[in-house]
Each structure stands twice: as C-alpha cells, then as structure tokens.
2 protein chains.
Amino acid sequence: MKILIVYAHPEPCSFNGAMKDLAVEVLTGDGHEVAVSDLYAMRFNPAGGPGDFLEREDANLFRYQREQIHAHAAGLFVPELEREMNKLAAADLVIFQTPIWWFSLPAILKGWVDRVLAMGFSYTEAARYKTGLLGGKRAMLSITTGGLAAAYAPEGAHGRLDAVLSPIHRIFQFLGMEVLPPFVAYGAARVQPEQRAAYLAEYRERLLTLEAVPPAARQADTVAPKS
Amino acid sequence: MKILIVYAHPEPCSFNGAMKDLAVEVLTGDGHEVAVSDLYAMRFNPAGGPGDFLEREDANLFRYQREQIHAHAAGLFVPELEREMNKLAAADLVIFQTPIWWFSLPAILKGWVDRVLAMGFSYTEAARYKTGLLGGKRAMLSITTGGLAAAYAPEGAHGRLDAVLSPIHRIFQFLGMEVLPPFVAYGAARVQPEQRAAYLAEYRERLLTLEAVPPAARQADTVAPKS
C-alpha cells in the first residue's frame, strides 16, 4: 500500500512523534511505501482563504468553494496545497497522527483538512459520501488524549470518546473513504512509562494487521475506553 | 454586559461578516460594550506551539500545558495571546461568529481555542467543568452551515447538528461557562436572499433577548433544524 501519515505535533520527541516514527519504521519494513506530512516542520499554514490560490476567479468577493472548484480545474492551488493533494491522491491509506486538543483536531491539522480537501478535488456537489471522490481509500485516526481512559467512559468527565471522533470520521466518510477503527493512546503524557511502551507495542501490532481490520463504520459504537 | 465576538471568516462581505456587523450594531445600541476579534483581519496565527511563548521553562522538550502554566505565572505569553486573554477575561459573554467547516470550527478559530484558552489562565488540573476558571461567563455559537437544514435532520445526510456542536460546546463547559443555545443560519450561501434577510431579522431578535435565553445545557437536544 501507499500510506500517507499526516502528523501534527510541535515536539519531535513527543509521544505522537514516537508513534509517527514507529509507524514509518513498521510500515516501511512491512513493504509499504510511506509518505509523511509533518505539518509543524513544514510550517503548514492552517488558515484557509484567499492565500490558497495563485489567482482567483473572482478577485472582489471571496467564495471559498467556488474558488476551489476554479483552482482545481485551472491548476491554481498554491504549491503547498498542490503537493499535499498529490500525496493524498497517491495514497491508499491516510493516517492522522495527532493529539486531541479541545475535543477536536489541533488547528494545524484542521487547516490541512480545510485547505487540502478542496471542493472539485475531493468532492463535488454531486459526489459526496458514497460517491465521494476519495472512494477506495481508507483512513485511520491514531491519537493521543490528555485525559485518561476513565474520563472517556460513558459516565466519565468528558463523555464518550466516540462523540469526539465521529465528527472527524465524518470528514473521511463525506469523501467516500472507508474508516478504520481509531488507535487511541489515552493520557499519553500522564500514564507510566510501562503503559506508554505497551501503547507502542499495541500500535505495532495494529500496523502489522491493517489489512485485516474491519472498518469502524461496520462496527459502530465499539470505541470503548481501555482499562 | 461586556461582549466579545470572535469572528472567523476571510471575506468581510460574507454572510458571517453581515452577522458580525449586525451583532456589533444591535448589541452596542442595546447598551452593551462590544469587542471584536476579527481573526483573519488580525492574521491570527492558528498553530499552537513554542511560538506562544516569549521564553520557555524548558527550552529542550516542549510540553504545551507545562509551558502554558509557566507562562501564565510569569507573564510570558506573546502579545497576540496576552491581548486575547485580556479581552476574554473582561467579557461576560463570548460569541463565536463562524461558518462550520468540515463538521467543526475553521482552523483559524480552532487555533484561537488551542492557544488562548491556556492551562493556568482558563483552567487548571483541579479547576475544570463546574469549577473552571471562566465560570460566570456565558458563550454562544452563531454559525452558518454549508448544508441546508434538511441535511441536519435526524435522517439527513450529515446527521444531527447537535453531534457537530456538542464537542464545541464542551470547550465552553470545560471552562465553567454557561452555554446559550446556538444561532444557526443553515445553508447561508445557498438559500434565497429572502431567507438570508429572515435569518438576520431572527438574529437581531435573539441578540435583543440574550438575557432571557435559557442555557442550552438545561434544554438538551433542542437543536432542531428549522424548516
């Protein structure tokens, strides 16, 4: 497979960094072709807007989707986006390696979503969900949370993790992608080193069995906190 | 009241821009003191990280929350964040005026959340949810969606809007804020001009009756699409 890891953490020595490095090592060793978009290292600009385009169809009134459609047809995306689109177009599987900040993606990764998944390129008015233009590709969230697993139990402080992840999974579903079950390292910064080592061992196993994993969409509500 | 509108749209002549302008006019006319953070105009940097700080406690390993606590105690946030924190600290009510992009906040606004709502300033290990440090303040989402109301019906393509909004509302709840019911302009860019005018008239009414609105938390599951 061709695999794209979109990685969003400002600290290379973070646990997210370790997970990204592990995935590159394991997947490459397993014969896959791996590309990484290290958004902080790239200084990726998260703010979607007029800066996405080399030239605009309408220089007076900025309508984002209209400009995306025009840019897709005319090849007018800035190189930063063109490159990401090419990487995504080539990928069979996309992994988001990211912490969850404020019950959602960090802004730099949300900006990748806002800007790279442009109308015309990844969906159209008619082609979305089952007919989305990224059909045939798969996607997986590999995340860390600040809170421990207990905080995401049904009666936990933060409620069920599925409520946090389902709007993110919907992005992939909207594009026609098949969503794999997420890999979750709860409380990565708070747990003991032994637990972190266990997370990495478990992630290695998951990465080696990606082909066998049934999509999350077919097994709704299985995202349960680990003890 | 002191009201802070955090506004996230790249086009001043957008419907979001019109809603922001209307809110400034109506709320000021109603005797409130209104501040606006126009994130695109400010060229607000959405990418939370080492750039948030004038100086770091640990220059080698970047741990975000640890640096936030240190910076809060030592006055080491960059001026861009210091200013936003002061505006937020002074506000009785915060309004997010924003489109929903990809079932979530646009990256520039998510970046405001990631960076401004720093640990130490708005919450601590012990002070969160009911004891969050922004207790006594209120918050309201004023949003536009791309999809029409029917797409957010229970059987609609996107599912219930509440699934999109609840992780955003949880940000405010985590900080101890009281959440007002959202104001939703469905399909703002697709509906007829008459509907847009109706949205603005309805929003004007809402703004004039803010004090009377019961918080969303006390009336769960009432976010129903309008016909």
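I began with L22(B), which I found in helix α1 of chain B. The model is predicted, and I read every value below with that in mind.

I checked the exposure of L22(B) next. Its relative accessible area is 10%. The cut-off for buried is under 20%, so L22(B) counts as buried.

Which residues does L22(B) touch, leaving out those up to four places away in sequence? I listed L200(B), Y203(B), R204(B) and L207(B). I then took the pair L22(B) and L207(B): 185 residues separate them in sequence, while their C-alpha atoms lie 9.3 Å apart in space.

I moved on to the helix pair. I noted that two packed helices are described by an angle and a distance, both taken between their axes. Helix α1 (residues 15–29) and helix α6 (residues 193–208), both of chain B, pack at about 35° with axes 10 Å apart. I recorded the crossing of α1(B) and α6(B) as right-handed.

I wrote down both sides of this contact. From α1(B) come F15(B), A18(B), M19(B), L22(B), A23(B), E25(B), V26(B) and L27(B). From α6(B) come R196(B), Y199(B), L200(B), Y203(B), R204(B), L207(B) and L208(B). Sorted by class, the contact of α1(B) with α6(B) holds 12 nonpolar residues, 3 charged residues and no polar ones.

I then looked at α6(B) on its own. It has 16 residues and spans 23 Å from first C-alpha to last, close to the 22 Å expected at 1.5 Å a residue. Which residues of α6(B) are buried? I found Y199(B), Y203(B), R206(B) and L207(B). Around the axis they cover an arc of only 95°, so they sit on the same side of α6(B). I traced their packing partners in chain B to α1, β3, β4 (138–144) and β6 (183–185).

I ended with helix α3 (residues 79–90) of chain B. Its 12 residues reach 16 Å from first C-alpha to last, close to the expected 16 Å at 1.5 Å a residue. I listed E80(B), L81(B), E84(B), M85(B) and L88(B) as buried in α3(B). Viewed down the axis of α3(B), these fall within an arc of 125°, so they line one face of the helix. The buried residues of α3(B) pack against β1 (2–7), β2 (33–38), β3 (93–99) and α4 (107–116) of chain B.

I noted β3 of chain B as one of the partners for the buried residues of α3(B), and as one of those for the buried residues of α6(B).

Key:
Residues numbered from 1 in each chain as written. Chains lettered and ligands numbered in written order. Predicted model: local features only at pLDDT ≥ 70, side-chain atom pairs only at ≥ 80, totals over all residues. Heavy atoms only, no water. Helix = DSSP H or I, 4+ residues; strand = E, 2+ residues; numbered from the N terminus. Expected span 1.5 Å × (residues − 1). Buried < 20%, exposed > 50% of the residue type's maximum accessible area, 1.4 Å probe, protein only. Arc of directions from axis to C-beta. Contact = heavy atoms within 4.5 Å. Axes fitted to C-alpha atoms, helices over the stretch in contact; angles between N-to-C directions. Left-handed = near helix turned anticlockwise from the far one by under 90°. Nonpolar A, V, L, I, M, F, W, Y, C, P; charged D, E, K, R; others polar.
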